[in-house]
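Me: I would like to learn how to read the features of a model one at a time, with the general idea before each case. Could we go through them together?

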Amino acid sequence: MLRVGLTGGIGAGKSTVAARLAELGATVIDADRIAREVVEPGTDGLAEVVEAFGSDVLTADGDLDRAALAAKAFADDDSRARLNAITHPRIGRRTVALMEQAPAEAVVVHDVPLLVEGGMGANYHLVLVVDADEALRVRRLGESRGMEADDARARIAAQATREQREAVADVWLDNSGTPDLVRAQVDALWHERIVPFEANVRLRRPRAPKPPALVEPDPTWPAQAERLLTRVRAAAGDKAVRADHIGSTAVPGLVAKDTLDLQLTVRSLGEADLISEALSDAGFVRAEGHWFDQPQDEETAPARWDKRFHYGADPQRPVNLHVRSAEGPAWRLALLFRDWLRANPAETGVYADIKQRLARAHAGDASSLNYSEEKQSWVDAAFVRAERWAAETGWEV
């Protein structure tokens, strides 16, 4: 199952995207609809709301008077917390039940207006954010809901900012044009990314090898990495000692393959094996075979350089997830190498030149294996210089 979070500000046109995804075959779970269902007449949720806020939150017909409830529940933080304590567990249980009813090959789209505000991004394989120009959103709210412009702007201002939504968005859907335009974006997203992503996760399909291809540094790489790391941490749970962005994409200004290298440090490789399936289910598919880092000394037992390796299953966001044991030295060395490069621009420049030369030499290769092996000799020597720098500067993890 692939879990997709869908969100967007009021008036952005999220419902248009949700409807199109449903037409394409997604199972759409509407958080607003569930929130209404758990307090329908005859439910224990409504009974508890009445007990907490009084019978005057009901209409003459026994339905919930939402305006009357809002006047009481949002009067102060304690009242809001009391309402949330009644509704949120019920909404959560109903959401989980609906997800569990979906077939194994389903794409489940969770339509959540407050996904960003609720810090829910780590719950999904992908987060889609629908956006539109604020003036257009104000106009839409006036036309569709009869909302006054000032009220519409106040509602928009009370929600997450554009910057906050960008921080959690794997996909940004601009809905400032006609509905046909955003539907075309959704169609392409469905066929080119979502459907193969779901199959990759379900079938544990490894990423196909590619030749080395370097690109100019992308300033959004760290933000992309952090989004993915939240999912790694969530899947690893208490087995995670730490999770970090490493490798060339973690060094500002360094050319790199457009593949994010992430590192999950666990207490032992036995614990890494315990969370292997959870990581695979979260979109980081474990690779078969014996994986290890190049030993850097003769004192450390060779087995201490072993690791587990997982590929990102998203076809449009290549990821390497290195799962390393805190019992071995490689996890620390990866962080040292990153920080040393960040602190030494001259070394970064030399490394960039070597990477570019080797990438040109191996441009016709079917994979990056030869490129990586030839680069390793420079990296091995760089580790020695990095250790010297660490001793001189007092660097610690």
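Me: Let us begin with accessibility: does Phe309 count as buried or exposed?

Reply: The idea is to compare relative accessible areas, where buried means under 20%, exposed over 50% and partly exposed in between, computed with a 1.4 Å probe on protein chains only. Phe309 has 6% relative accessibility and therefore counts as buried, and Tyr311, with a relative accessible area of 17%, is buried too. This is a predicted model, in which local features need pLDDT of at least 70 and side-chain atom pairs count only at pLDDT 80 or more, while totals for chains, interfaces and linings use all residues. Residues are numbered from 1 along each chain as its sequence is written, and side-chain values use heavy atoms, with hydrogens and water left out.

Me: How many aromatic pairs does the structure hold, and what form does the pair of Phe309 and Tyr311 take?

Reply: Rings of Phe, Tyr and Trp (its six-membered ring) pair if their centres lie within 6.5 Å, and the planes decide the class: under 30 degrees apart is stacked, over 60 is edge-to-face and the rest is tilted. The structure holds seven such pairs. That of Phe309 and Tyr311 is edge-to-face, with 5.1 Å from centre to centre and 90° between the planes. Elsewhere, one aromatic cluster is formed by Phe337, Trp340, Tyr351, Trp378 and Phe383.

Me: Which charged end sits over the ring of Tyr351?

Reply: For this feature, NZ of Lys or CZ of Arg has to be within 6 Å of the ring centre and within 35 degrees of the ring normal. Here the group is the charged end of Lys355, which sits 5.1 Å from the centre of the Tyr351 ring.

Me: How should I read the chain as a whole, and how many helices and strands does the chain have?

Reply: Helices (H or I, at least four residues) and strands (E, at least two) are DSSP runs numbered from the N terminus, and the chain has 15 helices and 13 strands. Of its 397 residues, 46% are buried, and its C-alpha atoms fill a box of roughly 80 × 45 × 45 Å along the principal axes. With contact taken as heavy atoms within 4.5 Å, residues 24 or more positions apart account for 72% of the contacts with a separation of 6 or more.

Me: What covers the buried residues of helix H13?

Reply: A helix can be read by its span and by its burial. H13 (residues 330-343) has 14 residues and reaches 20 Å from its first C-alpha to its last, close to the 20 Å expected at 1.5 Å a residue, the expected span being 1.5 Å times one less than the number of residues. Because 11 of those 14 residues are buried, H13 is largely enclosed by the rest of the structure. The buried residues include Trp331, Phe337, Arg338, Asp339 and Trp340, and their cover includes strands E7 (240-246), E9 (260-266) and E13 (319-325), together with helices H14 (345-361) and H15 (369-393).

Me: At what angle do H13 and H14 pack?

Reply: Two packed helices are described by the angle between their axes and the distance between the axes. Axes are lines fitted to C-alpha atoms, for helices over the stretch in contact, with angles from 0 to 180 degrees between N-to-C directions. H13 and H14 pack at about 105°, with their axes 5 Å apart. H13 is therefore roughly perpendicular to H14 (65 to 115 degrees; under 35 is roughly parallel, over 145 roughly antiparallel, the rest oblique). Phe337, Trp340, Leu341 and Ala343 of H13 make this contact with Pro345, Glu347, Thr348 and Tyr351 of H14.

Me: Which residues does Thr348 contact beyond its neighbours within four places in sequence?

Reply: Thr348, placed in H14 and buried at 9% relative accessibility, is in contact with Val251, Leu254 and Leu341. Thr348 and Leu254 are 94 residues apart along the chain, yet their C-alpha atoms are separated by 6.8 Å.

Me: What is the phi of Arg204?

Reply: Most residues other than glycine have a negative phi. Arg204 is not a glycine, but has a positive phi of about 55°. Arg204 lies in the loop between helix H9 (179-203) and E6 and is partly exposed, with a relative accessible area of 26%. Pro206, in the loop between H9 and E6, counts as exposed at 52% relative accessibility.
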